[in-house]
Amino acid sequence: MPEIFKTIDKIKPAYDIVDKIVLFICKILLIGDVLITTMSVAGRYISFIPDPAWSEEVVLTFMCYMAVLSAALAIRRGSHIRMTALDTYLPKNLIKALDILADVSILALAFIMLTVGWKYAHGIGSKGFYTSMPKLSRFWMYFPVPLAGGAMIIFELEALYNDIKRLFEKEENL
């Protein structure tokens with residue numbers, strides 16, 4: 001079994017690249033949020049700075065992207081919310097099994113987010129337009145859900161692999 005783990009471990013740089021891309025997107029969205037919000041607030045009080053009507057909708061859309069993409073990053077880093085209060089009282093093998101069950105459950109949720117989110121983005125989203133920007137489709141408002149679903153699938157597959165690998169490594173060390 002260790003040979004297959006060595007082969008699969010060679011994929012890790014690809015996960016690192018996806019992680020960096022998603023993190024970069026989150027950083028750009030945060031910068032955009034701060035700049036647009038600053039311009040909007042300043043435009044209310046300083047006459048020569050414009051206060052665009054579209055600023056609120058764009059800021060909210062950027063926030064949606066950041067929220068769901070950062071949740072995908074949390075999966076990769078293992079920093080998402082989880083219940084560990086009882087871990088010291090449960091058998092180690094049960095904890096390993098529960099970790100794998102959690103991974104499979106999150107993976108199922110990610111597939112649902114990808115498929116149902118795409119249906120909403122492509123269906124409902126493509127039929128409407130932003131109120132303040134009538135040329136921009138609401139597809140972009142719904143698109144964060146399937147995008148995050150795809151990122152979650154990628155990172156959850158890595159987490160599931162790591163949990164399965166841990167299961168076999170512990171058995172070998174005994």
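Phe143 is buried, its relative accessible area being 19%, where buried stands for under 20% relative accessible area, exposed for over 50% and partly exposed for what lies in between, computed with a 1.4 Å probe on protein chains only. The model is a predicted one, in which local features need pLDDT of at least 70 and side-chain atom pairs count only at pLDDT 80 or more, while totals for chains, interfaces and linings use all residues. Residues are numbered from 1 along each chain as its sequence is written, and side-chain values use heavy atoms, with hydrogens and water left out.

The structure holds seven aromatic pairs, a pair being two rings of Phe, Tyr or Trp (for Trp, the six-membered ring) whose centres lie within 6.5 Å, with planes under 30 degrees apart called stacked, over 60 edge-to-face and the rest tilted. In one of these pairs, the ring centres of Trp118 and Phe143 are 6.4 Å apart and the planes stand at 75°, so the arrangement is edge-to-face. Because Trp118 belongs to helix H4 (residues 92-127) and Phe143 to the loop between helix H5 (139-142) and helix H6 (144-173), the pair ties together parts that are 25 residues apart in sequence; helices here are DSSP runs of H or I with at least four residues, strands are runs of E with at least two, and both are numbered from the N terminus. The rings of Trp140 and Phe143 also form an edge-to-face pair, since their centres are 5.8 Å apart and their planes are at 75°. Trp118 is partly exposed, with a relative accessible area of 40%, and Trp140 is partly exposed with a relative accessible area of 40%. Together with Phe139, the residues Trp118, Trp140 and Phe143 form one aromatic cluster. Leu114 is found in helix H4 and is partly exposed at a relative accessible area of 30%; its C-alpha atom is separated by 9.5 Å from that of Phe143, 29 residues away along the chain.

Another part of the model is the packing of two helices. Two packed helices are described by the angle between their axes and the distance between the axes. Helix H2 (residues 12-45) packs with helix H3 (residues 55-77) at an angle of about 155°, their axes lying 9 Å apart; the axes are lines fitted to C-alpha atoms, for helices over the stretch in contact, and the angles run from 0 to 180 degrees between N-to-C directions. That makes H2 roughly antiparallel to H3, because angles over 145 degrees count as roughly antiparallel, under 35 as roughly parallel, 65 to 115 as roughly perpendicular and the rest as oblique.

Within H2, the buried residues are Tyr15, Asp19, Val22, Cys26, Leu29, Gly32, Asp33, Ile36, Ser40, Ala42 and Gly43. H3, with 23 residues, reaches 32 Å from its first C-alpha to its last, close to the 33 Å expected. Leu73 has its place in helix H3 and counts as buried at 6% relative accessibility. Leu73 and Leu23 are 50 residues apart in sequence, yet 7.5 Å apart in space, C-alpha to C-alpha. Just after H3, Gly78 takes a positive phi of about 70°.

Note on methods. The expected span of a helix is 1.5 Å times one less than its number of residues.
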